[in-house]
Structure formats: C-alpha cells, structure tokens
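This report describes charged and nonpolar features of one protein structure. The sequence and coordinates are displayed below, and the sections after them treat each topic in turn.

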Amino acid sequence: LANYQTQFAELTVKEGGKVAKGDTAVIDFEGFVDGVAFEGGKGENYPLEIGSGSFIPGFEDQVIGMTVDKEQDIVVTFPEDYGAADLAGKEATFKVTVHEIKEKHLPEIDDELAKDVNIEGVEALDQLKDHIKARKESENENKFMDDLYKAIVASSKVEDSDALLEQEQGLMLQEVEQNLQRQGLNFEVYQQFTGKSKDDIKEDIKPQAEERVKLNAILAAIIEEEKLAVSDEALET
C-alpha cells in the first residue's frame, strides 16, 4: 500500500527553502575528471529524487541543502565496478545547479487510492488489499518453486555440456534483447548506458544458464523415470 502511495504522490513546487531527502530537485549537471568533461556526464533539467539511489553513491547526499539557482561542486568517486571502464574508480567533480525543488505529498490510503490504482474489479480499499494478498501468495509460490529447483540442481549430478551451455546463453541473450524492445530500446542504446557488450552479458548470465541446462536435464530424467505424459485432453484445456 505504501508503494501505491508513492506511485500516486503529487509533487508541488517548494517555494524557497532547501533540498531535503525525499524532494525532487530539477538540476543541470556536468561532470569532469581531471578537469576534462566526460561523455554522458551532462544533463539539463533532470528531475532527481533525493534518496532514490539513481545517481553515483554520494551524489544525492551532497545535493541536500542546496538552494535554487546556486551552483555547487559535487565531488564523488565512481565505483570500481562501474560499467564504463574509463571512469571506474576515478574521482569526478560535477558542477550542479538546482532550478526547482519539488516536495512529495502522499495520498491517504483509502478507497480513492484504490480507484486510482486502476485494477479491474478493484473499487475499494478492502478489494485492493485482497488483490495484494493474492499477488503476494503467487509470488511466494513462485519463490517456493524456484527454491525447489535450486535444491534439485544442488543435489544432482549432471554431466557438463559446452554446446548446451552456449545454446542456453544464446536463448537468454535473445530474451534480454526482446525485453529491451518491449521497452522501446535497442541493444546499442543499452550498451551505451551500461558499457557492456553482448559477450559481457553472456558472461554475466553464464551461472544462470548453467543452472537452466542442469535443470532441463534433470526434469527430462524425471519425466523418463516416472514415465510422465500429458494427455491430448489436458493439452486442449
């Protein structure tokens, strides 16, 4: 319910005052390393929610206390595992100007909020609570099955297959690209944001692919051992 509160919160301009945690600061920023501006380090009229953790660690904390139209230098250090290798571990100075400060106003948790959520069949708070409970039960069931699969994999011996692993990594990479397309992105844009190539992603998903290959082999063995089959009637329903 608190998540829905945040989702439907209203932002109003804070007249005067300073940026506080939870506020949204509309900022211009430009980053420099060793006095030189770096690619992708500049933005204008960017709405930054303070406390969201969406920027480099330490950046948002230093925006707190800033006032409108006052430029301030913010010094941060990029994480060692940052996606862009040329910036990883380096200290950067960002010149930041706040143009506007907006504060968040949360709605009441009531029937009106339930209607705003716009879920079919949900018109009252009690119905929204029932919907959330049902969703959580489904999530718990999925987690149980996931834990069960992991336990099966951990307790079984499966012969390694480089060919099957490569095939599974390829399928998972296709899933990544399809998810990006659904978000209106392509892989080239994603690569610019993350600094990761397709080979990097394949290496990242390798442990999950290995688990999938093993699980598929185990399930096939269980089907064969237990002589499991699906009837035509069950398929149709």
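## Conventions

Throughout, a residue is called buried under 20% relative accessible area, exposed over 50%, and partly exposed in between, with a 1.4 Å probe and protein chains only. The structure is a predicted model, in which local features need pLDDT of at least 70 and side-chain atom pairs count only at pLDDT 80 or more, whereas totals for chains, interfaces and linings use all residues. Residues are numbered from 1 along each chain as its sequence is written, and side-chain values use heavy atoms, with hydrogens and water left out.

Helices (H or I, at least four residues) and strands (E, at least two) are DSSP runs, numbered from the N terminus.

## Salt bridges

A salt bridge is defined as a side-chain nitrogen of Lys or Arg within 4 Å of a carboxyl oxygen of Asp or Glu. In one of them, Lys-102 pairs with Glu-100, with 3.8 Å between the closest N and O atoms. Lys-102 is partly exposed, at a relative accessible area of 25%, and Glu-100 is likewise classed as partly exposed, at 28%.

Glu-112 and Lys-115 form another salt bridge, their closest N and O atoms being 3.7 Å apart. These two residues are separated by about one helical turn because they lie three residues apart in helix H3 (residues 111–117). An α-helix has 3.6 residues a turn, so residues three or four places apart point the same way. Glu-112 has a relative accessible area of 47% and is partly exposed; Lys-115, at 41%, is partly exposed.

A further salt bridge joins Lys-198 to Glu-177, where the closest N and O atoms are 3.3 Å apart. This pair links distant parts of the chain, with Lys-198 in helix H7 and Glu-177 in helix H5, 21 residues apart. Lys-198 is partly exposed at 36% relative accessibility, as is Glu-177 at 22%.

## Surface patches

Patches consist of residues with over 30% relative accessible area and no salt bridge; like charges are joined within 9 Å, and nonpolar side chains (Val, Leu, Ile, Met, Phe, Trp, Tyr) within 5 Å. Asp and Glu count as negative and Lys and Arg as positive, while His and the chain ends are not counted. The place of a charge is taken as NZ of Lys, CZ of Arg, CG of Asp or CD of Glu. A surface patch of negative charge comprises Glu-159, Asp-160, Asp-162, Asp-199, Asp-200, Glu-203 and Glu-210. Helix H7 (residues 198–204) contributes the largest share of this patch, three residues. Asp-160 is located in the loop between helix H4 (125–154) and helix H5 (162–182), and is exposed, with a relative accessible area of 66%.

The surface also carries a nonpolar patch of Phe-144, Met-145, Leu-148, Tyr-149, Leu-219, Ile-222, Ile-223 and Leu-228, with about 670 Å² of accessible area together. Accessible areas come from the Shrake-Rupley method with a 1.4 Å probe, and for residues only the protein chains shown count as cover. H4 and helix H8 (206–226) each supply at least two residues of the nonpolar patch, with H4 giving the most, four residues. Met-145 lies in helix H4 and is partly exposed, at a relative accessible area of 30%.
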